[in-house]
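User: I am new to reading structures. Could we go through one with the definitions at hand?

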Amino acid sequence: MIRILQTSDLHLDAVFPELDGFAAARRADQMETFGRIVECAIRQKVHLLVVAGDLFASPWPSDDVVATVRNGFQRLCDHGILPVVLPGGSDTSRCADGIFDRQVFEGTLVLDPHGPECVILDIEGQSLHLCSSRSMDGRITWPSESSAESADIRLGVLCRPPSTAEEGMSGWLDDAPWREWAFDYLICGGLHHYRQWHIDGSLVACCSGTPEGLAFGENGERYCVVASVGAEAVTVEKVPVNTRILKDGDIEVQGFSSREELVDRIRRLGHPDIMMRLTLTGQPAVLIHAPLVQRQAADAFYRLEIDDRIQFMNSPLAEEYTQGTSVSGLLVSKARELASHRSEKERQVLDRALREVLVRCQAGVGGSL
Amino acid sequence: MMLQRLELQAFGRFRDEVVEFAPGMNLVSGPNDSGKTTLVQAVTAVLFGAGQAARFVPWEHADSCSAALVWTSNDRQVRIERDFVSGQVTCSETDESGDFKHVFRGFPESEAPDAEGTAYLSYLQSLLGVSRRDLFQALLYGDPMEGAGGASPEHLKACLCDGEAVHFNEMLKTLQEEYLAISSANSWGEKTEETSALEHIALRLGELEKEWFSVQEAIRRREPPKAGAFVGTTSGDEEATVGHVASGQVSELSPEEEKAQEYHPVDDAPEASAKNPVTRRTELEAELAKTGLPKKIPAQLPELLIGCGELRQTLAEHKRALGARQEERRRCHFPAWQKPLGGLAAVWGAAWIWARTQSSFAPVWGGLLLSASVAGWYAWGCLQARRSGQGLDKQIAGLEEQIGGLQEQLTDMKDRFEAIGLSPSPVEMVRMQKNLPRHLQILEELEKIEQEYPGNIENTACTSPIASETVTASVGQSAVGDWEIRAEEAMPVDDRGQGGNEIPVESSSSPVSPGLEELLAARCRIEAEGEVLRVRESRLKARAEILISACSLIRETLDDRSWSDCDQETFIRLLGQVLNDLTGGGIEQVRLTECFNVELPGPDGAWLPVERFSSGVRTLVRMALCLALNRLRCEPARLPMLLDDPLGSFDRKRRGLVMKVLEECAAGQQVILFSHEEALRRRATREGWHLVSLRTAGPSVAANNEEKNHDDGQLSFL
């Protein structure tokens with residue numbers, strides 16, 4: 001039985017341009033997660049740590065990140081664990097200047113990123129045929145390997161399963177010549193979510209997903225996978241390793257009678273480790289300016305982003321405004337008139353602009369928020 | 001809203017003064033330099049702060065200077081106090097029991113309002129209906145010293161709309177400022193000298209683009225040749241099996257190809273000697289890794305490589321010979337029988353024709369003779385073909401046997417390679433063989449450097465690169481046991497079976513010099529910064545879109561409102577009335593242009609801007625604007641009118657008219673005049689106005705106002 005800790009798509013040293021000033025903190029989170037994976041591999045006493053693609057976000061990660069990863073791999077080697085890295089689409093350079101071309105990871109088995117490769121390992125007397133490949137135009141090609149004996153274990157590392165794998169899980173393996181490949185277990189990378197594939201009730205392949213969510217949508221707990229691969233059966237165990245929890249949520253603003261009430265409600269969703277994207281929808285009963293709400297509730301979260309999809313212009317509140325003869329009322333009427341000639345996206349912009357003006361008006365002289 | 005009291009503590013020339021005012025007409029009288037203007041300024045200074053507060057702080061009491069205003073409206077009293085030294089403002093209001101309670105205390109900044117400033121100005125707006133110093137001074141308050149310029153069209157427009165509109169106008173300015181900070185492209189034609197955020201980003205992106213191209217060019221120049229460094233040739237026709245994994249075979253290489261396969265170091269050895277030994281050592285280590293050979297060359301390796309090379313060459317030659325023989329053998333067969341047969345038929349046909357014309361045996365003999373010749377020739381051909389085939393078969397068998405032997409030897413060689421810890425592919429063997437001399441040379445150089453600079457070498461020992469295909473490791477202390485790696489296959493499957501395809505074998509294994517690494521890191525940084533800037537740019541654009549949308553919305557709404565709801569007609573009517581009253585029917589008509597400029601009819605009846613008239617007319621128009629706006633905008637608060645020396649430049653007739661208008665105003669609101677004129681003082685006494693007398697010097701001027709009012713009354717009576 002060979003024990004493998006598999007992970008993929010760490011994308012270390014990602015730029016996170018959309019996080020701007022917060023990007024450095026997220027990069028630090030990634031490194032913390034990587035450290036946790038290394039500790040997990042040592043604690044679980046695995047034979048191999050397999051990174052099935054995209055260890056780094058680019059072929060040229062920063063020196064600090066490379067040094068940390070090298071130290072991590074060195075620790076694994078010191079504990080008799082072989083780090084195996086299959087470069088992925090993000091960290092493979094077409095030129096000879098990428099991180100894996102510089103051969104900086106001593107003692108690490110870096111599989112060929114450009115084509116199929118087969119490596120035979122001897123682990124406690126058990127022959128392990130480790131074959132790597134990647135999907136090209138929906139086609140997977142494995143190296144032809146004729147020397148495997150029946151007692152040997154054949155392990156596939158696939159960087160990017162076909163796109164159909166993302167959609168229907170069972171489909172692509174049914175179509176694939178699985179029996180021809182004759183793998184005992186297939187480690188998949190490139191999909192950012194945890195996936196398992198079974199054939200005839202037996203687990204045949206698994207993708208661990210990103211161990212640290214990179215963008216919203218990669219929410220909740222994130223895992224690395226400890227796989228025990230024998231000639232007869234394969235078992236996998238998910239181990240949570242993420243540093244932060246990404247979360248999506250939405251709140252219907254209609255029921256809130258004050259902005260403070262809404263802020264309280266949002267704050268109750270908060271946690272110091274939660275990075276949340278909250279969508280505000282519906283027709284408000286009070287004026288709500290999303291950036292202001294975000295500012296007031298942000299300290300309850302690791303990071304809070306508010307997606308403002310409130311529809312004020314068609315709300316009863318806007319109708320109330322138009323009843324009066326005040327400038328605010330005229331403003332709302334004017335906005336509604338303009339909105340009738342605009343596209344959906346422009347209407348959304350106008351709605352936000354209108355709410356901002358009215359909230360600034362409420363705030364007092366000069367409209368400073 | 002009535003100004004009941006002005007309290008001054010060490011304010012300007014006043015030490016401890018309380019000036020009381022009354023409803024209706026008030027006159028603050030005193031000679032020049034008695035502090036009239038200071039009192040006028042104190043009102044604005046208390047409400048909105050003083051731009052240069054120091055001018056009010058007396059030099060002998062530099063640590064204290066404050067003033068307070070007490071306003072009254074119905075039963076409500078509001079006290080606003082400002083400390084001009086600390087900047088603190090305290091607002092208090094009377095409760096039901098008549099006690100003052102604080103409603104605001106803070107340090108508001110009126111010029112650039114922060115949160116406190118905003119709260120305070122909002123309070124003023126709710127109290128007085130105005131929260132801007134300039135509007136307060138120029139339009140509503142008639143403060144001629146501070147608002148000497150009078151009503152600007154913009155202020156006039158703002159005042160003609162309701163308070164909310166004024167507020168929106170202010171907000172429009174704020175939003176436009178925010179927008180201009182992001183983008184200088186605006187539809188209202190404002191130009192800023194400062195570079196906007198988007199322009200900053202565009203400039204930076206331009207710089208980054210240039211940097212990127214220069215770095216890219218530098219990288220291109222520094223990078224060693226990629227595809228030509230080591231090239232193997234696969235031949236599907238001559239594919240052979242090496243070990244137990246199928247692989248492309250290296251064919252015999254031409255001298256040019258062999259030359260191309262040799263490793264070309266980036267730096268020449270003679271130059272290297274002049275370099276820093278540490279740098280040189282790093283470079284040599286890098287070159288060493290490029291050769292594809294283990295750092296320590298096992299003793300058997302050169303012999304193995306040479307032997308293996310020779311073997312492969314021989315094998316290739318044999319295979320080529322075998323191919324040629326097999327082709328020859330394929331072509332070697334018995335002559336075709338159809339042609340001789342045809343020849344025989346032709347001979348016997350000719351003999352038959354001959355026999356019909358000549359009755360003798362001569363044709364028969366001739367036919368037989370020719371037939372025998374043809375048959376003999378055919379038999380000879382068959383014999384030769386058989387002999388040749390047999391010879392070729394022998395040769396082929398011999399070659400096949402030799403090839404088998406050579407392959408066996410190659411297998412032995414492979415075992416011997418494995419015995420020394422190496423499992424090179426055929427391509428790698430060729431590369432190792434070609435680079436062996438250079439490798440040995442580098443090792444020699446390294447040894448020399450180590451001997452010369454042992455300390456440096458120890459300190460700068462760098463990691464020996466390990467090729468992924470040839471990793472061999474054994475960890476004795478492993479908790480899970482030893483493991484061994486034998487990499488055996490690196491050839492893409494798709495490239496197999498396609499004879500003659502050249503593929504880069506080692507294009508990605510060339511190490512990078514430190515300079516190149518720096519360049520790569522720089523390129524990475526540039527790309528990351530560019531990515532961040534692009535996102536920031538798109539966010540700013542989205543924000544600018546909202547701001548421009550908000551600005552347009554406000555502007556369009558206010559534009560619509562200006563002409564429909566601003567009660568412009570009422571204002572023009574009021575202004576006309578006031579001017580008519582002030583001039584005794586001299587000016588009856590007035591109009592506002594679309595830009596809110598005031599125009600009066602000229603001598604020929606044409607409308608002229610007010611600036612074209614005399615200073616007396618201009619002063620009257622300013623006063624008229626003030627009175628008209630006060631009537632229009634200050635309902636129901638009706639702020640007091642403070643007029644400093646309102647009759648200074650008028651003749652007797654016009655003074656009478658002005659005073660009449662002011663007295664009419666005083667019926668509905670508080671009017672406070674500041675003047676040094678004795679005639680006005682006498683009129684005040686006569687008419688029973690509230691009189692405040694100021695002296696040029698002395699401790700107090702207003703403390704005995706009541707007494708003075710009484711005395712003045714007596715004097716007037718006498």
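Analyst: Start just past helix 19 of chain B, where B:Gly688 has a positive phi of about 80°. This is a predicted model, in which local features need pLDDT of at least 70, side-chain atom pairs count only at pLDDT 80 or more, and totals for chains, interfaces and linings use all residues. Residues are numbered from 1 along each chain as its sequence is written, while chains are lettered from A and ligands numbered from 1 in the order in which they are written.

User: Which residues of helix 19 of chain B are called buried?

Analyst: B:Leu680, B:Arg681, B:Ala684 and B:Thr685. Buried means that 20 or more other C-beta atoms, placed from the backbone, lie within 10 Å of a residue's own; exposed means 12 or fewer, and partly exposed is in between.

User: Why are they said to be on the same side of helix 19 of chain B?

Analyst: Because they cover an arc of only 140° around the axis. The arc is that of the directions from the helix axis to the C-beta atoms. On the other side, B:Ala679 and B:Arg686 are exposed.

User: How do you know that strand 3 and strand 18 of chain B pair?

Analyst: Pairing needs at least two bridges found by DSSP. Strand 3 (residues 25-29) and strand 18 of chain B have 4 bridges, so they pair, in the parallel sense. B:Asn26 stands opposite B:His690 in strand 18 of chain B.

Note on methods: Helix = DSSP H or I, 4+ residues; strand = E, 2+ residues; numbered from the N terminus.
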